[in-house]
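Me: Please take a close look at one part of this structure for me. I would like to focus on the disulfides.

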Amino acid sequence: MTNTSYVRTEMLPEKAPPLAQAGAVKWMRENLFSSIPNAILTLLALFFLYKALAGTLPWIFQSSMTADSLGGCRDAIKAAYGEDASGACWAVIRERYHQLLFGFYPSELYWRPILAFVLMLVAIAPVLYDTLPRRILWLTAVYPFLAFWLLWGGSVWLPISIILGFVIGGLAAVYLSNLLGTLGSTLAAILLPILWWMLLAGVFADAMQSILPIGIESVESAMFGGFMLSVTIGITGIALSLPIGIFLALGRQSNLLIIRSLCIGFIEFIRGVPLITLLFVASTLLNYFLPPGTNFDIILRVMIMVTLFASAYMAEVIRGGLAALPKGQYEAADALGLDYWKSMRLIIMPQALKIAIPSIVSNFIGLFKDTTLVSIIGLLDPIGLSNAIRADSNWNGIVWELYGFIALMFWVVCFSMSRYSMYLERKLQTGHS
Amino acid sequence: MRSDAGILPESASYHRSIGDCVLDLMVRNCPNLRALGISMRGTKTILAFGPKSSRKGTDHQEEVKMKKSVFLGALTVAGLAAGLASAGTMDDVKAKGFLQCGVSTGLVGFAAPDANGEWDGFDVSVCRAIAAAVLGDAKAVKFTPTTGKTRFTALASGEVDVLARNTTWTFSRDVDLKFTFIGVNYYDGQGFMVPKALGVASAKDLDGATVCIQTGTTTELNLADYFRANNIKYEPVPIETNAEAQQQYLAGACDVYTTDASGLAATRATFENPGDHVLLPEIISKEPLGPLVRHGDDQWADLVKWTLNALISAEELGVTSANLAEMSKAPGNNPEINRLLGTEGDLGSMLGLDKAWAARAIAAGGNYGEIFARNIGEATSIGLARGLNAQWANGGLIYSPPFR
């Protein structure tokens, strides 16, 4: 027999790592209690977390969903949880959630804003995710008019006549360039649609409506409210402010004196006044300048003001992106022999926009939250409606439930935007990492 | 919230240049600004965007004209149209088929939308009565929610036909802002609410108290006047809305909450223990609240005024929504009831309406007393006593001139 009895012939089973070096304990030691000050901070944080949750959780869950007034809520909570209990009155949300979502939009037509919202998700999907079929982009192009028609209703020919204006502009840009040169065709592409909208679009829409009446029940702007109003204003502002902002940023860097001064003047003026001032101009001052009896829709006015406001900020954000781009990129584009628009489209903008993504999305989020300012000029957005709901003597005195619900809705939207921007940054990451 | 003056009434006595006009958003009747506004009439066809058709009935022909001319010659057309368009709110209302009524964005008991979006309340009832009188349909009202800051512009610019929004009748609003207050539908006054535990029995005991007060309102000015006149000190806690005031007051951020007495009662009614809070006996201001219309259209002002008077007279004469149908069938013994309900004489035609206009107005929501009892009276959770708002025969101030 060989004298190898001290040598093992079989492997020992692996032992679990020491308790302090594995699992939750290790994680806690490394992250929560790595040093004495850290341990103290951790305990303090836990204490405050406990205090906050101990205060809010019972309030959230010791609640009443079924009562039909604040007094009813209080009675129901007392009956269920004892004399001293106080809790949330979620019944107000149950009774009024449709109002917080849709305002005074006729309830039998709720499918229209819902459909518009779903279509919006479909329409922006190909913009957000480039793996989707490009054909959906056609829906994206038509979507603004479709949404306008779905939300406001009325004759289908009005949005169609507006689309025709863009078609005319596009055709002019493509087919008149041989005839009039680049500058001429650009001017024609701007002027022809404006002439069409001013002079012929209304006549065309009326004529087509009398020949072939297609339309859905129209809903006036006064019926708009709640979250739907915020989303409508917010999405319009977001969708329009990006392209306008890009053009303003390019205009600000232009060598053409008039364009540059106009862009700088616009941007600096708009950035120099608070949004609420512009909203007051939209709601009160414009009334004086417009002829009596003019019906220039208040929501449209607000949308224009919000878009102008957001565009000026967007222009500066994009200018930041342009400024961050090394000069070599511009020179490389020139060296390739690309003209101005091609170099912008193919070389400069993709890089500048990528740099600016976090700020752009911050702007979007800020814009979306700014839509609550319209409650100050009497539009019933969720904040305005919370006041109107409180004016119902059944619900007078309810504050936190309404604000909590509104905050939750805003958080969902803003958080989604924020996550998407982080996804986009990761996807477009081309640096060394 | 109710008596807030917005930013403007105290500041308006200068309409000299366009610059001044623009600064003072309230100014409607500023000659140069009006000229500027009118000179832009031609833009109507482009700016009248959206599915709503034009609201102005009388303007229709001008509008057709303008569609052809648009910018060219807009000035001349506008000059003509301006002369024609200024009169006849009643014709406008009849032509468009509904009344555009400015109300509060929400005030307990006075104006609030219910779960179905139907507006209801004490002020809203006035609008419904007017619509019933003019158009025969109490539902033919579109409500424009206005804030303390937008209400006067909305009326001055023609966005609303009548403003029924708890607006205090003051000299400067009536004279300087060029509105016509057509009467008073609620006599209010500023009061104080304190916790019972404070042991205060009179506002004069409030020396050194912290007071929750809404900024930019007449209540703020009244408070300063009152404390100065009585030579006592206070520390204001500025707040923005009534809801915020409730939270601050309940959290103990201030000892006293002051606003209109009706608002205090409505607020106290929402507390978990209303009995722990008392309203002090002092009422330190006069706040006559009433509907108002634009200066310069007396026919419309008459109609709104006498619609309100019809509601008040109906209570005085004992005409209620229960006996209205029977009383308006045939002339009864009381000639004034007969004249009111149109079974005798023809008061309606003097207003440009038919005989049964007042009967329709009363049918819309009952007489003044019924409207009061249903929206803010003692049986509701707000629980306001009639007090100053009782009929004159019962010691109140509610008084209608005779229907004769």
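Reply: Start in chain B. Here Cys101(B) and Cys127(B) form a disulfide, with their sulfur atoms 1.8 Å apart. The two cysteines sit in distant parts of the chain, 26 residues apart. Cys101(B) belongs to strand S1 (residues 99-104) of chain B, while Cys127(B) belongs to helix H7 (residues 122-135) of chain B. Both Cys101(B) and Cys127(B) are buried. Keep in mind that this is a predicted model.

Now the next pair. Cys212(B) is joined to Cys254(B) by a disulfide, S to S 2.0 Å. The torsion about this S-S bond is about -95°, so the disulfide of Cys212(B) and Cys254(B) is left-handed. It also links distant parts of the chain, 42 residues apart. Cys212(B) is in strand S9 (residues 209-214) of chain B. Cys254(B) is in the loop between helix H11 (242-250) and strand S11 (256-260) of chain B. Cys212(B) and Cys254(B) are both buried.

Move to chain A. A disulfide connects Cys73(A) and Cys89(A), S to S 1.9 Å. Cys73(A) lies in helix H3 (residues 70-81) of chain A, and Cys89(A) in the loop between H3 and helix H4 (91-102) of chain A, so the pair ties together parts 16 residues apart in sequence. The torsion about the S-S bond of Cys73(A) and Cys89(A) is about 75°, so this disulfide is right-handed. Buried means under 20% relative accessible area. Cys73(A), at 1%, therefore counts as buried. Cys89(A), at 2%, is buried as well.

The count over all chains is three disulfides.

Technical notes
Residues numbered from 1 in each chain as written. Chains lettered and ligands numbered in written order. Predicted model: local features only at pLDDT ≥ 70, side-chain atom pairs only at ≥ 80, totals over all residues. Heavy atoms only, no water. Disulfide = S-S within 2.5 Å. Helix = DSSP H or I, 4+ residues; strand = E, 2+ residues; numbered from the N terminus. Buried < 20%, exposed > 50% of the residue type's maximum accessible area, 1.4 Å probe, protein only.
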